[in-house]
Amino acid sequence: MVRGDNAVEYLPDSAVDEALDRELRELLTVCFTKPQDTVFKAQRYFRQPYRHRWVIRDEAGRLSAHAGVHEKRIEADGRHWPIGGVAEVCVRPDCRGRGYVKAMLACAHEWMTGNGATFSVLFGRPEVYASSGYASVDNLVHDADNGERQSVKALVKVLTDVPWPAGVVYLPGPKF
Ligand SMILES: CC(C)(COP(=O)(O)OP(=O)(O)OC[C@H]1O[C@@H](n2cnc3c(N)ncnc32)[C@H](O)[C@@H]1OP(=O)(O)O)[C@@H](O)C(=O)NCCC(=O)NCCS
């Protein structure tokens, strides 16, 4: 569906056909310009595919913003909690500064809350996400490529009345 009215649109990965895949890869390639980001020329995710994304189209129907969400879980102190793992947040260069990040994340957070997630977690710059309710944590570890657990700085938004755990928090798998 092309809305073209700057509204945030939910886009399940199951609905991505060849044409949409091309559109997504074009947007990601224009937005992410580091050497490793050439991966987006071939695939619509950086490391692991995800089932959920929120996008915004401009008046002409062109994709102008994107936020992906992985369904993951964290473990701490013998307990575990489902999380939304936010990935590939980007806004087309000529559309930046319009508050699209906050708008997409608000929709993603609502979906996460409705689908049982306790926290939203991402790896990004604090100044971009602070106004969406994210705060830095320094007690997260994940599986590095060499198979060892590695500490990683993350940003977390608490979605329910459960506070972020105090001890070491384990995110199985790679960063997203
Ligand atoms: C990062 C990016 C998504 C921001 O897009 P944007 O359209 O400027 O975002 P928004 O207008 O929704 O702004 C979101 C917040 O980020 C802040 N922000 C955006 N760019 C910033 C920058 N370069 N430095 C500091 N803060 C910045 C805005 O001031 C805003 O904060 P506020 O809500 O407190 O006012 C965009 O620059 C982009 O696509 N970059 C390339 C992809 C990328 O690096 N993504 C990962 C980012 S961690």
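Start with the ligand and select the shell around it: nine nonpolar, four polar and five charged residues. Here Ala, Val, Leu, Ile, Met, Phe, Trp, Tyr, Cys and Pro count as nonpolar, Asp, Glu, Lys and Arg as charged, and the others, Gly among them, as polar. You're looking at a predicted model, where local features need pLDDT of at least 70, side-chain atom pairs count only at pLDDT 80 or more, and totals for chains, interfaces and linings use all residues. For your selections, residues are numbered from 1 along each chain as its sequence is written.

Now pick out Cys90, Arg96, Val101, Gly124 and Ser131, which come nearest of the 18 residues around the ligand (near: C-beta atom, placed from the backbone, within 6 Å). Strand 4 (79-91), helix 2 (100-114) and helix 3 (126-129) each give the shell at least two residues. Helices (H or I, at least four residues) and strands (E, at least two) are DSSP runs, numbered from the N terminus.

Finally, zoom out. The protein chain has three helices and eight strands, in the order β-α-β-β-β-α-β-α-β-β-β along the sequence. Its C-alpha trace spans about 50 × 35 × 30 Å along the principal axes.
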